[in-house]
Amino acid sequence: MKQVDDFSAYHDELLDGRYDCVDRIVLNGYFPLGQQGGGFRTWWRALTGSDETLDEPHLQRLAGRFSRRVHAWAKKQGIPLIHCAPGQRKHELAEPYLPRDPDQCGLFLILVAKAPALVWEVQHSKNGVPHLQRKTPWPYVNHYHFHLIDPDWGHITIKMSGHPPFGIQVMLNGHEWVERQARRQTISASKEGNCFVGGSFQALDRLADTLCDEHAIGRLSEVCDRWAYSSCLCFALDLDEQSRSRFYYRYSAFQIEYSRNLLFTRGSTLDAVFQGLIDRTRRHLDVPKLRTIFGYKDRPHRRQGKKPPPMARVLDQSAYDLTVFKVHFGPLTLKLYDKGARVLRIEAIAHNVKGLRCGKSVE
């Protein structure tokens, strides 16, 4: 049974409905053998037959082959491939290219940008035995952002390093999954941006709640496997090479967002409640209370020279007729703002799941 918070219960008479939903989900995909030097040598031996060719020119050649295959395939298929400048927001750049046909599936855009990635440095002993060591700090290398339309999850992005062991990052959105499920079940829903602002909130809440049950783990792994091998890794290793070297991905959580959305009966009531909440909260919310709320009441032990985690409350009114109240605590953020005419949206964001101190595995 989902627990109702005190704020929602107190204003229950002023609400027409509410729903909770998982928002942005970012998973890291990694090849377990490729994370250690000995494991990488074992994989290379299975891929090529020996480790005599394990040197930096051959690793660079593998990355170059990946790039040539992606560019050639995109040109042949008529898929836009864009090299991005530093600082460009990839998701916003992809919006004009989103397919107009709601039933279209598959890859529709590839963006290329540089980002840090695990790259192995190979040195040989006097006996010719290769010794692998991670390059530190991680160098900036080309990453390929594969933008796809999935029949269940809608717009997803897989960001893949062009260098072995070809680490990936999968970005999904729970609201798009709920929207597609609602469409199939003919549930009324009105969406503005990444938020439902109308429709049957009770039915939407039941749908969104299924993303938090034990079957959601299988759904996440399934959608990652559906596209990672056939639409991304195939440019680096063909299906025979994947099978021969036993290359497979495991997944861990990196970022996650969760939202609570309250539909008020009237927009004026929403505005009065929200502004009153801000006035009462920002005067009394200080750093000691933040430590208690986020479970860091004890004095933190930090290494010398490291910056302390940011802790702040922010009131952002830069946009016209929009007030955003934020609380930052290290890699965690709480954000409140109004959406549409009558929806108050509360987001809990883990920019890095390690801030939740509950492990990173998908389970």
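Arginine 345 and aspartate 23 form a salt bridge, with their closest N and O atoms 2.6 Å apart. A salt bridge here is a side-chain nitrogen of Lys or Arg within 4 Å of a carboxyl oxygen of Asp or Glu. Arginine 345 sits in strand E15 (residues 343-350) and aspartate 23 in strand E1, so the bridge ties together parts 322 residues apart in sequence. Helices (H or I, at least four residues) and strands (E, at least two) are DSSP runs, numbered from the N terminus. Arginine 345 is buried at 1% relative accessibility. Aspartate 23 is buried as well, at 0%. Buried means under 20% relative accessible area, exposed over 50%, and partly exposed in between (1.4 Å probe, protein chains only).

This is a predicted model: local features need pLDDT of at least 70, side-chain atom pairs count only at pLDDT 80 or more, and totals for chains, interfaces and linings use all residues. Residues are numbered from 1 along each chain as its sequence is written, and side-chain values use heavy atoms, leaving out hydrogens and water.

## Other salt bridges

The structure holds 20 salt bridges. One of them joins aspartate 5 to arginine 18, at 4.0 Å between the closest N and O atoms. Aspartate 5 lies in the segment before helix H1 (6-10), and arginine 18 lies in strand E1, 13 residues apart. Aspartate 5 is partly exposed, at 22% relative accessibility. Arginine 18 is buried, with a relative accessible area of 17%.

Glutamate 179 and lysine 191 also meet in a salt bridge, 3.6 Å from N to O. Glutamate 179 belongs to helix H5 (residues 174-184) and lysine 191 to strand E9 (residues 189-192), twelve residues apart. Both ends are partly exposed: glutamate 179 at 26% relative accessibility, lysine 191 at 29%. Elsewhere, salt bridges with shared partners join Asp150, Asp152, Arg184, Glu222 and Arg226 into one network.

## Helix H2

Helix H2 covers residues 37-48, twelve in number. From first C-alpha to last, H2 reaches 16 Å, close to the 16 Å expected at 1.5 Å a residue. The expected span is 1.5 Å times one less than the number of residues. Gly37, Gly39, Phe40, Trp43, Trp44 and Leu47 of H2 are buried. They cover an arc of only 155 degrees around the axis, which puts them on the same side of H2. The arc is taken from the directions from the helix axis to the C-beta atoms.

The cover over these buried residues includes helix H3 (56-77), strand E4 (120-124), strand E5 (130-134) and helix H8 (239-245). Contact here means heavy atoms within 4.5 Å. After H2 comes glycine 49, with a positive phi near 100 degrees.

## Aromatic pairs

The count comes to 18 aromatic pairs. Rings of Phe, Tyr and Trp (its six-membered ring) pair if their centres lie within 6.5 Å; planes under 30 degrees apart count as stacked, over 60 as edge-to-face and the rest as tilted. Phenylalanine 31 and tyrosine 248 pair edge-to-face, at 6.0 Å centre to centre and 85 degrees between the planes. Phenylalanine 31 is in the loop between strand E1 (15-30) and H2; tyrosine 248 is in the loop between H8 and strand E11 (250-264), 217 residues apart. Phenylalanine 31 is buried at 1% relative accessibility, whereas tyrosine 248 is partly exposed at 40%.

Phenylalanine 40 and tryptophan 44 are stacked, at 6.5 Å centre to centre and 20 degrees between the planes. These two are four residues apart in helix H2, so about one helical turn separates them. Phenylalanine 40 is buried at 1% relative accessible area, and tryptophan 44 is buried at 4%. One aromatic cluster includes Phe31, Phe40, Trp43, Trp44, Phe66, Trp120 and Tyr248.

## Cysteines

There are zero disulfides, a disulfide being a pair of cysteine sulfur atoms within 2.5 Å. Cysteine 195 is in none; the nearest cysteine sulfur, that of cysteine 21, is 9.4 Å away. Cysteine 195 is buried, at 0% relative accessibility.

Cysteine 224 is likewise in no disulfide; the nearest cysteine sulfur belongs to cysteine 232, 10 Å away. Cysteine 224 is buried, with a relative accessible area of 0%.
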